[in-house]
Amino acid sequence: VITEEGRHGGPQARIVQVSKYLVAQDMDVTVIVPSQNSSDLQNKLTEAAIPHVCVSLHRLTKNRRELVAFLFTFPIEIARLYRLLRQIRPDLVHCNGSWQMKGMIAGKLAGVRTLWHMNDTSMPRLVFCVFTIISKLFTDAFIYAGERVRNYYLSRGSRKRRPAFEVQAPVDASVFNPEIVAPDARILALPGLKIVTVGNIN
């Protein structure tokens, strides 16, 4: 698994959750994370006993300085990932999000099957154009988070003919078991019927 975004959010939580499950099924999983802004994610991976490697990876962003660094280091970081994948020799490379392209390129160059996980439905036109090219050349299969995501990314060209699988974002319902989770005093203090929803709003 390769993530270019170190901040711990929804995709990173899913990486930890799914990796724990795969390790429990006697599968070898290594998560490659950026050394920048990833301390929370690294701690989660360590707590879950999931092997991970930190490398310098710049993320795509609107911040001008970070954008210049992303563009300047793009081929260097692909080469870094390529060398790392040649050492690890995985059977599959998995990346999250249409703008996380380096792992797809490095994986294919290293002779590894690649799986691109699509989550959102709003990408700048330029990023989408680059995604279109890279997905055509470097991607073996896709995961999409829902039907709208599939229509957004995978309804045209050669992507339409690639293997694709719907995997909705998981929610571990056991963590909400009232027998093992202490009630929140703020909610208990509210009068009347209480309805709790679980979601991720983007």
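Phenylalanine 128 is buried, and tyrosine 153 is buried too. The model is predicted. The exercises below start from this pair.

**Exercise 1. Classify the ring pair of phenylalanine 128 and tyrosine 153, and say which parts it ties together.**

Solution.
- Step 1. A pair of aromatic rings is described by the distance of the centres and the angle of the planes.
- Step 2. For phenylalanine 128 and tyrosine 153, the centres are 5.8 Å apart and the planes stand at 20 degrees.
- Step 3. Planes under 30 degrees apart count as stacked, so this pair is stacked.
- Step 4. Phenylalanine 128 sits in helix α5 and tyrosine 153 in helix α6, so the pair ties together parts 25 residues apart in sequence.
- Step 5. Phe128 and Tyr153 belong to one aromatic cluster with Trp116, Phe131 and Tyr152.

**Exercise 2. Classify the ring pair of phenylalanine 70 and phenylalanine 74.**

Solution.
- Step 1. The count of aromatic pairs comes to seven.
- Step 2. In the pair of phenylalanine 70 and phenylalanine 74, the ring centres lie 5.5 Å apart, with the planes at 65 degrees.
- Step 3. Planes over 60 degrees apart count as edge-to-face, so that is the class of this pair.
- Step 4. Both residues lie in helix α3, four residues apart, about one turn of the helix.
- Step 5. Residues three or four places apart in an α-helix point the same way, because there are 3.6 residues a turn.
- Step 6. Phenylalanine 70 has a relative accessible area of 5%, so it is buried.

**Exercise 3. Describe the surroundings of serine 98.**

Solution.
- Step 1. Serine 98 lies in the loop between β3 and α4.
- Step 2. Its relative accessible area is 1%, so serine 98 is buried.
- Step 3. Setting aside neighbours within four places in sequence, serine 98 is in contact with Trp116, Met118, Asp120, Met123, Phe131 and Tyr153.
- Step 4. With tyrosine 153 there is a polar contact, side chain to side chain, at 3.1 Å.
- Step 5. Now read from the other end. With the same exclusion, the contacts of tyrosine 153 include Ser98, Phe128 and Arg159.

**Exercise 4. Which residues have the most contacts inside the largest nonpolar core, and which elements give two or more residues to this core?**

Solution.
- Step 1. This core has 32 residues, and Trp116 and Tyr153 have the most contacts inside it.
- Step 2. Two or more residues come from each of α3, β3, α4, β4, α5, β5 (141-144) and α6 (147-154).
- Step 3. The largest share is that of α3, with six residues.
- Step 4. A second, separate core has eight residues, among them Ile15, Val29, Val31 and Leu45.

**Exercise 5. Why is helix α4 largely enclosed by the rest of the structure?**

Solution.
- Step 1. Helix α4 spans residues 102-109, and six of its eight residues are buried, so the rest of the structure largely encloses it.
- Step 2. The buried residues are Lys102, Gly103, Met104, Ile105, Ala106 and Gly107.
- Step 3. They pack against α3 (64-88), β3 (92-96), β4 (113-118) and α5 (125-138).
- Step 4. Just after α4, glycine 111 has a positive phi of about 80 degrees.

**Exercise 6. Where do alanine 49 and arginine 89 lie, and are they buried or exposed?**

Solution.
- Step 1. Alanine 49 is not a glycine, yet its phi is positive, about 60 degrees.
- Step 2. Alanine 49 belongs to the loop between α2 (39-47) and β2 (52-55).
- Step 3. Its relative accessibility is 60%, so alanine 49 counts as exposed.
- Step 4. Arginine 89, also not a glycine, has a positive phi of about 55 degrees.
- Step 5. The loop between α3 and β3 holds arginine 89.
- Step 6. With a relative accessible area of 64%, arginine 89 is exposed.

Terms used: Residues are numbered from 1 along each chain as its sequence is written. This is a predicted model: local features need pLDDT of at least 70, side-chain atom pairs count only at pLDDT 80 or more; totals for chains, interfaces and linings use all residues. Side-chain values use heavy atoms; hydrogens and water are left out. Buried means under 20% relative accessible area, exposed over 50%, partly exposed in between (1.4 Å probe, protein chains only). Contact means heavy atoms within 4.5 Å. A nonpolar core is a set of buried Ala, Val, Leu, Ile, Met, Phe, Trp, Tyr and Cys residues joined through side-chain atoms within 4.5 Å. Rings of Phe, Tyr and Trp (its six-membered ring) pair if their centres lie within 6.5 Å; planes under 30 degrees apart count as stacked, over 60 as edge-to-face and the rest as tilted. A polar contact is a pair of N or O atoms within 3.5 Å; within protein, one must be able to donate a hydrogen and the other to accept it, and residues adjacent in sequence count only if both atoms are side-chain atoms.
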